[in-house]
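Good morning, colleagues. I would ask you to look at the model on the screen while I go through a few of its features.

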Amino acid sequence: FERCKKQAAMVAASSDVATGIDGNGNGSSHATSYRFTKLSKIVCGVLALGCAAGYASPEVANYVALVPGKTLPYVWNVFTCSYFEQRVVSLLASCISLLVLGSVLEPAWGSKEFLKFLFLVNLSVGCCAFVACLITYFALYKEQMLYGKLSGFQGCIAALVVGVKQVMPDQEIVFLKYITIKVKHFPLLLVTAAVAGNILGLPMDILLFVAFGTFNSWVYLRFLQTHPQSRLQGDPSEHFSFAGFFPEFMQSTIEIVTVPLSKLFRLNRRNTQNMYALGGQPLPGSAPVDASRRRERGAKALEERLAYAGGVVDTQADAEQSIENGGGEEQAADNV
């Protein structure tokens, strides 16, 4: 009975440790927290300050918003445009989305990787929007594409949605108690909403930033993001392929389009096999190989503890048996 109690206690302790391992592979004694993170709050503060500065002095937009015709010499606006909200409604939507999505991704990736992700996505979105505006201007000769003021955090929000798709693709969200949508469908729904909004008259920057934010973040997470423990780059899992963003009847066509990217970044079958060599489902917010290694370490530690406990119990039992046998022999000798 004592041995069974010890084994049960060890199993419970191992379960606590397994659920407390964070996205960096470090053990912790607490479960995943979904509180708003400090870094997300700081970014929200930057967005609020930028919006307030724009209302206080409209001239600020000429220096921090993306104005393709003035990007030279104001080259910094390809980066600052993402942190400048010109509309209060957009500011509120961006802050709420950032706080919610950041509470999922920052604990999974760590603050350093989360900040790096925001920086790279915002910079790439600004550069791509700049190039797209120039191409559109030379194709259609619309001056609005050169001197329109493009800004907003929508590109980064779209990127964070892609990150959540990677971390928890099968998670279901219930709306109004009746509508259930899986997280993996959110990026396509967001892009579709941006397209519809542009058709209905919403500013062009929303569509540009959402589209480039979605695609650029997928490229980074799919091919470039480094996982410290595995030393592998990217996420070659099937559920995170670019075709997986679209309905099944479109996936075969989309896969043909992404083949050049796979060859460019050398995403080959060997890396895919390595990622799944240990098997099992990934822990929330971690790469599959990292999760598998953590589970193996936990299982090995549990086996060692159980073996040690069993050995202690067996040793004690043998000692007690020896004492009893020795006592019996002494009594027999006395009787003789």
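Let me begin with a convention: Ala, Val, Leu, Ile, Met, Phe, Trp, Tyr, Cys and Pro count as nonpolar, Asp, Glu, Lys and Arg as charged, and the others, Gly among them, as polar. This is a predicted model, in which local features need pLDDT of at least 70 and side-chain atom pairs count only at pLDDT 80 or more, while totals for chains, interfaces and linings use all residues. Residues are numbered from 1 along each chain as its sequence is written, and side-chain values use heavy atoms, with hydrogens and water left out.

I turn to the largest pocket. A pocket here is an open set of points on a 1 Å grid over the protein atoms alone, where a 1.4 Å probe fits, with protein on both sides within 12 Å along at least five of seven lines; lining residues have an atom within 4 Å of a point. The largest pocket holds about 850 Å³ of space, the volume being that filled by probe spheres set on the points. It is lined by 28 residues, and those closest to its centre are Ala93, Ser97, Ile157, Val161 and Leu190. By class, the lining comprises 21 nonpolar residues, six polar and one charged. Helix H5 supplies the largest share of this lining, eight residues.

How do H2 and H5 cross? Their axes, lines fitted to C-alpha atoms over the stretch in contact, with angles from 0 to 180 degrees between N-to-C directions, come within 9 Å and cross at roughly 170 degrees. H2 is therefore roughly antiparallel to H5, a term used for angles over 145 degrees.

Glycine 50 belongs to helix H2, residues 38-56. Is this glycine buried or exposed? Glycine 50 has a relative accessible area of 15% and is therefore buried, that is, under 20%, whereas exposed means over 50% (1.4 Å probe, protein chains only).

Finally, two backbone points. Most residues other than glycine have a negative phi, and most peptide bonds are trans. Leucine 72 and proline 73 are joined by a cis peptide bond, with omega about 15 degrees; proline 73 sits in the loop between helices H3 (61-64) and H4 (77-80). Tyrosine 141, in the loop between helices H6 (111-140) and H7 (144-147), has a positive phi of about 55 degrees. At 63% relative accessibility, tyrosine 141 counts as exposed.

Definitions and conventions
Helices (H or I, at least four residues) and strands (E, at least two) are DSSP runs, numbered from the N terminus. Angles under 35 degrees count as roughly parallel, over 145 as roughly antiparallel, 65 to 115 as roughly perpendicular and the rest as oblique.
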